[in-house]
Amino acid sequence: MMETPICDFVRNYCQSDMLRMHMPGHKGKGPLGMELFDLTEIDGADELYHAHGIIRQSEENAAALFGTAKTLYSAEGSSLCIRAMLYLALLHAKANGRRPVICAGRNAHKVFVTAAALLDLDVVWLCPEDRENVITCALDAEALGQTLDAERPAAVYVTSPDYLGHIADIRALADVCHQHDTLLLVDNAHGAYLRFLPESRHPMDLGADICCDSAHKTLPVLTGGAYLHLSHVAPKALCGWAESAMSLFASTSPSYLILQSLDAANQYLAEGYPARLLETVGRVAALKSRLAAHGYALVGEEPTKLTLSPKSFGYTGEALAAKLQRDGIFCEFADPDFLVMMCTPETSPDDFNRLEHALLKVMRKAPIADCPPTPPTPERVLSPREALLSPHEALPLDACCGRVLASANVSCPPAVPIAVCGERIDDNVLRSLAYYGISTCDVCIE
């Protein structure tokens with residue numbers, strides 16, 4: 001039976017009726033009900049990123065479940081892990097005489113952009129010519145090899161699965177990276193569960209060196225719980241640097257509620273989760289089949305994510321989301337083109353039936369013909385760091401043409417930058433910003 005040392009420690013502490021002369025200020029009492037279990041790094045509770053006790057034991061349990069050389073917890077989501085990944089890539093570059101350059105798919109999360117700027121990493125964007133929208137970026141292994149021949153970066157950074165449910169060929173990309181002595185980093189925020197499919201599709205099993213998982217996105221973990229994974233194929237020095245990389249960016253007051261949630265998830269994953277996941281995958285596949293037969297266009301390969309492209313059915317993603325919300329169904333994401341819904345083993349058969357009924361009763365209308373603007377490829381004027389740290393001002397879109405972007409504007413909530421800080425705002429950028437409902441930009445003061 002999988003042990004839960006963090007949960008056990010907190011439970012025992014709460015039952016011991018200790019006088020709490022330490023933080024937090026609520027002293028275990030309050031209106032929410034969970035204050036009793038909300039501790040800080042007291043004696044015996046271990047210290048995140050300098051772990052030697054219960055946190056270390058719990059992380060080792062997680063590493064065994066995910067088959068990694070090292071797994072560290074984050075109580076600050078994958079955002080913290082992304083920053084740590086880039087810092088590790090920078091250390092690796094310096095240790096091996098490589099340039100501080102990282103090649104990245106253009107659909108990287110905005111945290112990647114800000115982290116690269118703060119660490120003064122140079123970014124070479126990987127942008128396929130046939131890219132259809134700002135959220136997706138299908139990378140080809142052969143084309144990546146040609147880029148690596150020319151650039152010799154410290155690392156390659158890939159987002160997979162992406163927000164719409166597309167999964168990259170991680171094995172092929174990893175093979176190319178390793179042929180060029182280059183690290184492969186994967187933002188696997190949406191794919192923690194991929195390890196537990198009948199045949200693992202998790203980046204750690206497909207050759208990636210480092211990846212992050214947002215445990216809270218697809219596992220029964222409190223919001224903010226995430227993992228930083230280092231693989232057995234990664235250079236050994238990275239494991240030694242990993243905790244300091246996390247602590248460089250992390251709060252010194254981690255949430256013990258989130259740590260308990262991650263700890264409890266180990267037991268959940270070890271005791272029957274793969275079977276429950278397989279049932280869910282089957283339900284999602286059956287629902288996708290029935291929706292396709294009804295006329296809905298489906299997007300992505302991710303087995304637990306349901307992504308619709310509803311314009312062919314006569315609705316924008318936002319309009320269809322609004323109809324579902326009137327039926328009490330809240331979706332993960334909607335924009336003019338897509339509607340994203342996420343399923344887990346916690347989504348019951350009754351939940352699936354309710355969702356199917358709501359979607360099938362929607363009356364089909366004439367297709368909507370317009371397409372999103374072609375993703376822009378703006379001119380780079382400043383480095384991301386120079387732009388991000390420049391004095392800036394907020395202006396309406398119609399006053400931004402020709403100016404240099406100072407921040408990472410996004411098509412939120414996926415938080416994928418349409419243009420990157422340091423790039424010049426041209427007509428193509430303006431069209432995309434307007435399309436995704438962004439009305440102002442922070443631009444560098446000239």
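## Ground rules

Residues are numbered from 1 along each chain as its sequence is written, and side-chain values use heavy atoms, with hydrogens and water left out. Because the model is predicted, local features need pLDDT of at least 70 and side-chain atom pairs count only at pLDDT 80 or more, while totals for chains, interfaces and linings use all residues.

Helices (H or I, at least four residues) and strands (E, at least two) are DSSP runs, numbered from the N terminus. Buried means under 20% relative accessible area, exposed means over 50%, and partly exposed lies in between (1.4 Å probe, protein chains only). Contact means heavy atoms within 4.5 Å.

## Helix H2

Helix H2 covers residues 54-66, 13 residues in total. From its first C-alpha to its last it reaches 19 Å, close to the expected 18 Å. The expected span is 1.5 Å times one less than the number of residues. Glycine 67 follows H2, and its phi is positive, near 65°.

Buried residues of H2 include Ile54, Ile55, Leu65 and Phe66. The buried residues pack against helices H1 (5-15) and H9 (256-270), and against strands S1 (70-74), S6 (210-213) and S7 (226-230).

## Helix H9

H9 has 15 residues and reaches 21 Å, close to the 21 Å expected. Since 11 of its 15 residues are buried, H9 is largely enclosed by the rest of the structure. Among the buried ones are Tyr256, Leu259, Asp263 and Tyr268. Their cover includes H1, H2, S1, helix H7 (215-218), S7 and H10.

After H9 comes glycine 272, with a positive phi near 90°.

## Tyrosine 49

Tyrosine 49 sits in the loop between H1 and H2. At 4% relative accessibility, it counts as buried. Its side chain reaches the backbone oxygen of tyrosine 73 at 2.6 Å. Leaving aside neighbours within four places in sequence, tyrosine 49 is in contact with residues including Leu80, Glu243 and Met246.

## Salt bridges

Side chains of opposite charge can pair when their charged atoms come close. A salt bridge is a side-chain nitrogen of Lys or Arg within 4 Å of a carboxyl oxygen of Asp or Glu. The whole structure has 15 of them.

One joins arginine 56 and glutamate 243, at 3.6 Å from N to O. This pair links distant parts of the chain, helix H2 and helix H8 (residues 236-249), 187 residues apart. Arginine 56 is partly exposed at 28%, whereas glutamate 243 is buried at 14%. Another bridge joins glutamate 279 and arginine 283, with the closest N and O atoms 3.9 Å apart. Both lie in helix H10 (residues 273-294), 4 residues apart, about one turn of the helix.

Lysine 311 and aspartate 370 also meet, at 3.4 Å. Both are in loops, 59 residues apart. Lysine 311 is buried at 6%, whereas aspartate 370 is partly exposed at 40%. Shared partners join Lys311, Asp337 and Asp370 into one network.

Aspartate 187 lies in strand S5 (residues 183-187).

A polar atom of the aspartate 187 side chain lies 3.1 Å from the backbone nitrogen of alanine 189.

## Nonpolar cores

A nonpolar core is a set of buried Ala, Val, Leu, Ile, Met, Phe, Trp, Tyr and Cys residues joined through side-chain atoms within 4.5 Å. The largest holds 80 residues, and Leu86, Phe112, Tyr157, Leu185, Tyr227 and Leu228 touch the most other members. Helix H3 (residues 77-95) gives the most to this core, with 9 residues. Apart from it lies another core of 23 residues, among them Leu164 and Tyr435.

Note on methods: A polar contact is a pair of N or O atoms within 3.5 Å; within protein, one must be able to donate a hydrogen and the other to accept it, and residues adjacent in sequence count only if both atoms are side-chain atoms.
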